[in-house]
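Dear colleague,

I am passing on the structure we discussed, which you will find just below. My notes on what turned up in it follow after that.

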Amino acid sequence: MEHPAAVFLIPALAVVLDRLLGDPVNWPHPVRLIGKGLDLFETAVRRTGVNLRLAGWGAVLLFAWAAWFVVAELTSIRYLGPLLAVYFAYAGLALGCLLKDARRVAELLDSGDLNGARTALSMLVSRETAGLDAPDIRRTLAETVSENLNDGFTAPLFYLALLGPGGLWAYKAVSTMDSMWGYRTDRYIDLGQGAARTDDVLAWIPARLTAFFLFIVGKRLGLKAATARGRYREDARKMESPNAGYPMAAAAWLLEGRMGGPTVYFGKVKDKPMLGPEGTWWDGVKLHKLFRLAGKTGTLAACVLIPVLGLIRLLFA
């Protein structure tokens, strides 16, 4: 049985390690293993000709259960288990890596290295970056940082604090599947339906908590939190995703930087809804304010979610 102190200590250590280490280059990572498993699964189901929609829903159940089971078994090993629990908890959070990589793109852009910024940005996003100019790169960077503040940190932390490392990795399996298959293209519209719908449900509460935390931190930083709170919901609901728009619209209004517009995915232009005040844009100063806002919001989320959800977990254990 897990020690009660570990319910709070493991997530706290994970947050600290995430901010200090990020995702070290060339280290093995569970997400990569899940991704390889999903590739093999996709190849198999396409060769056998099974119903792709049913296969996709089956993959959600299979990979979420497998991730939870494997992590739960490994973290229950005597003596070694606690160390593995810390590792799996830390590996499931991605705010440190997100901010490090985002700052790298911004620094390349500030130094005038447009091609370098495009290349570095391509490692962060699924959209095509080769034709982006400097304003588009800044706008794209703002969008991915604000969206992934939830997807890469608040949501996994939510499930880590509430359900432990096994619950975190069940969520990460679904999230990884959604990032690989959750596109409304001819190739993935059926196979990815299960992952997309499940991810929408699992990220619903964390996305709204992320916006809430952004407003609290934004007010402390002197940003226009009152105006943002009154305007962001209308913009957030424009998005196809029921969740992505909440942290994005919150950040757009807090920092007065417009998001959305024509975006190229897989060779096709998608006109994304416009978020934030009209006539505003992203510059280097606003981006660095966003990075600071995201970092402090992550800290606040950890300070709230770890004790509150940890207590709930202990009560129902």
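The unreviewed UniProt entry lists residues 54-72, 79-99, 153-171 and 297-316 under "transmembrane region". Please keep in mind throughout that this is a predicted model. In that model, residues 79-99 are 81% helix and 0% strand, with the end C-alpha atoms lying 33 Å apart, while residues 153-171 are 100% helix and 0% strand, with the end C-alpha atoms 12 Å apart.

Turning to the aromatic side chains, the count comes to ten aromatic pairs. In one of these, the rings of phenylalanine 41 and phenylalanine 63 have their centres 5.9 Å apart and their planes at 85 degrees, and the pair is edge-to-face because planes over 60 degrees apart count as such. Since phenylalanine 41 belongs to helix H2 (residues 30-48) and phenylalanine 63 to helix H3 (residues 52-75), the pair ties together parts that are 22 residues apart in sequence. Phenylalanine 41 is buried, at a relative accessible area of 18%, and phenylalanine 63 is likewise buried, at 15%. A further edge-to-face pair is made by tyrosine 87 and tyrosine 90, with 6.4 Å from centre to centre and 70 degrees between the planes; both tyrosines lie in helix H4 (residues 80-91), three residues apart, or about one turn of the helix. Tyrosine 87 is partly exposed, at 25% relative accessibility, whereas tyrosine 90 is buried, at 6%. Phe41 and Phe63 also form one aromatic cluster together with Trp181.

Two rings have a charge placed over them: the charged end of arginine 208 sits over the ring of tyrosine 246, 4.1 Å from its centre, and that of lysine 286 sits over the ring of tryptophan 281, 5.6 Å from its centre.

As for salt bridges, a search of the whole structure finds twelve. Aspartate 110 forms one with arginine 138, the closest N and O atoms being 3.9 Å apart; with aspartate 110 in helix H5 (residues 95-110) and arginine 138 in helix H7 (residues 134-181), this pair ties together parts that are 28 residues apart in sequence. Aspartate 110 is partly exposed, with a relative accessible area of 46%, but arginine 138 counts as buried at 17%. Arginine 139 and aspartate 136, both in helix H7 and three residues apart, form another salt bridge, with their closest N and O atoms at 3.7 Å. Finally, Asp136 and Arg139 are linked with Arg127, Glu143 and Lys272 in a network of salt bridges.

Terms used: Residues numbered from 1 in each chain as written. Predicted model: local features only at pLDDT ≥ 70, side-chain atom pairs only at ≥ 80, totals over all residues. Heavy atoms only, no water. UniProt positions renumbered as here; feature names shortened; annotations may be inferred. Helix = DSSP H or I, 4+ residues; strand = E, 2+ residues; numbered from the N terminus. Phe/Tyr/Trp six-rings, centres within 6.5 Å; stacked < 30°, edge-to-face > 60°. Buried < 20%, exposed > 50% of the residue type's maximum accessible area, 1.4 Å probe, protein only. Lys NZ or Arg CZ within 6 Å of the ring centre and 35° of its normal. Salt bridge = Lys/Arg side-chain N within 4 Å of Asp/Glu carboxyl O.
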